[in-house]
Amino acid sequence: MSHPDFLWRNPDPRPAYDVVIVGGGGHGLATAYYLAKNHGITNVAVLERGWLAGGNMARNTTIIRSNYLWDESAAIYEHSLKLWEGLSEELDYDLQFSQRGVLNLAHNLSDVREGRRRVNANQLNGVDAEWLDPDEVKKFCPILNVSDRARYPVMGATLQRRAGIAKHDHVAWALARAADAYGVDLIQGCEVTGFEITGGRVTAVETSRGRIAAGKVALAAAGHTSVLAERAGIRLPLQSHPLQALVSELLEPVLDCVVMSNAVHVYVSQAHKGELVMGAGIDAYNSYGQRGGVHVIEAQMAAALELFPIFSRVRVLRTWAGIVDVSPDASPVIGPTPVEGLYVNAGWGTGGFKATPGSGWVYADTLAHDRPHPLAEPFGLERFTTGALIDEHGAAAVAH
Amino acid sequence: MLLIECPHCGPRDENEFHYGGQAGIAYPTGEVTDAEWAAYVFLRDNPKGWFRERWFHVHGCRTWFAAERHTVTHEIRTLP
């Protein structure tokens, strides 16, 4: 038996690059890919402490949607969704992107008002959105308990039909292969331990594999962004939390859409392979431990069983946690930092996967032109001083 | 589930507590710039290691207290 061809080289770091991206997850790989494809910048390294896409890219629940409330968010997430719609073809790799529809359930009058408002806001922003009453919800997802006697009565739901899921590993592999083909060096097992800053400008990164000079340095390290930023002397408005998820044993097809409930912190879909993929809410405390409390999973499962009584005998195969970087307004932070040449793309919190191509697109453009991409401009660090927050706790909250 | 030492009730389960984030954040006094105010409202330490934080025994004695917890091992040591 022979090993199948590797999808990318595994190069040693060179002494210098035009752009060094710190973090080889989805966002870092997408940034490298679009730097090369859209801007012709290929003297680029992606430095990954562990192995490619082994952090949150391997731990998320793969939900993709763009039904956010505010104009700024709708614009960037919808841009991302549009990229998803052409990405399998563009990367010549089946990403198993399945636009099966995402329901966001409303369990009380306040949820109903918020949901209907969001549908209206989405429609005004050209994002497909519908409001379903309980009967329509039942029709769309027959195994959902919409009875009056339910512990969490379903009083309606928003539906984005273009939303869905994708296969996270395929996304990472396809982006890595494409970036590598453009000549980008994807360097694994290479931890950034410090930054060389001269006259307020970053000139190099210190790594576990030696010094690497860099014209620009782009952080794309999700939950560990604060740790890196601190090494560059920067404080960011981010807090890192564990976010847990689980999969069941493999089942016959039973659920052909994505169901989310912010109120009870449940989101569930069935992966192509057959396992139910469920996510919980974040654990309350700050942590880098990549594990959370069992009681969080227990509460989430209890709610899931109320919504889906048919799952009562399903067995859990495994649970895990990723470390998510949560910002004060549940929106990302994208753009320059107080250190010249050092850029940040973080704060995607519990919902970064859906933004993978959109985030990479605007970050690459920001790096290439030394100014925020128009879609990234509202997401700069300065918004926490000016007060121009983009409060997506309603659309993002914990449930992604 | 963490076992958290309440100074009044002793060791209790984590789900009796509400998390309060970083301890020792003082309300700014005097003339405060926008940047200083933003830092007070939004900037908190986010260390990988020991972290001094607030806990509220909401389902117990309702005492607020500070503890130190390691953000990787989750080991807790209560502060005086």
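**Close-up views of a predicted two-chain model**

**View 1. A salt bridge links chain A to chain B.** In this predicted model, R235(A) pairs with D45(B) in a salt bridge whose closest N and O atoms are 2.7 Å apart. Across the interface of the two chains, the rule finds one salt bridge. On the side of chain A that touches chain B, the elements giving two or more residues are α6 (225-231), β12 (239-250), α7 (294-307) and α9 (383-386).

**View 2. The interface of chain A and chain B.** Here 24 residues of chain A are in contact with 23 residues of chain B. About 2,000 Å² of area is buried between the chains, and carbon and sulfur atoms give 54% of it. The count of residue pairs in polar contact between chain A and chain B is 16.

**View 3. Helix α3 of chain A and its surroundings.** This helix, residues 109-124, has 16 residues. From first C-alpha to last it reaches 23 Å, close to the 22 Å expected at 1.5 Å a residue. The buried residues of the helix are D111(A), V112(A), G115(A), R118(A), V119(A), A121(A) and N122(A). An α-helix has 3.6 residues a turn, so residues three or four places apart point the same way. The cover over the buried residues of α3(A) includes β4 (102-106), β5 (130-132) and β6 (156-160) of chain A. Just after the helix, G126(A) adopts a positive phi of about 75 degrees.

**View 4. The largest nonpolar core, with W84(A).** This core has 52 residues, and I21(A) and W84(A) have the most contacts inside it. Two or more residues come from each of β1 (16-22), α1 (26-39), β2 (44-47), α2 (71-91), α5 (168-181) and α8 (356-369) of chain A. Apart from this core lies another, of 30 residues, including Y17(A), L47(A), L238(A) and L342(A). Residues up to four places away in sequence aside, W84(A) touches I64(A), L95(A), F97(A), A166(A), V171(A), F353(A), K354(A), T356(A) and P357(A).

**View 5. Y27(B), an exposed residue in a loop.** Y27(B) is found between β3 (18-22) and α1 (34-42) of chain B. Its relative accessible area is 56%, over the 50% cut-off, and Y27(B) is therefore classed as exposed. Beyond neighbours within four places in sequence, Y27(B) is in contact with W37(B) and Y40(B). T73(B) is 46 residues from Y27(B) in sequence and 31 Å from Y27(B) in space, C-alpha to C-alpha.

Notes
Residues are numbered from 1 along each chain as its sequence is written. Chains are lettered from A and ligands numbered from 1 in the order in which they are written. This is a predicted model: local features need pLDDT of at least 70, side-chain atom pairs count only at pLDDT 80 or more; totals for chains, interfaces and linings use all residues. Side-chain values use heavy atoms; hydrogens and water are left out. Helices (H or I, at least four residues) and strands (E, at least two) are DSSP runs, numbered from the N terminus. The expected span of a helix is 1.5 Å times one less than its number of residues. Buried means under 20% relative accessible area, exposed over 50%, partly exposed in between (1.4 Å probe, protein chains only). Contact means heavy atoms within 4.5 Å. A nonpolar core is a set of buried Ala, Val, Leu, Ile, Met, Phe, Trp, Tyr and Cys residues joined through side-chain atoms within 4.5 Å. Buried area is the accessible area (1.4 Å probe) that two parts lose on being put together, summed over both. A salt bridge is a side-chain nitrogen of Lys or Arg within 4 Å of a carboxyl oxygen of Asp or Glu. A polar contact is a pair of N or O atoms within 3.5 Å; within protein, one must be able to donate a hydrogen and the other to accept it, and residues adjacent in sequence count only if both atoms are side-chain atoms.
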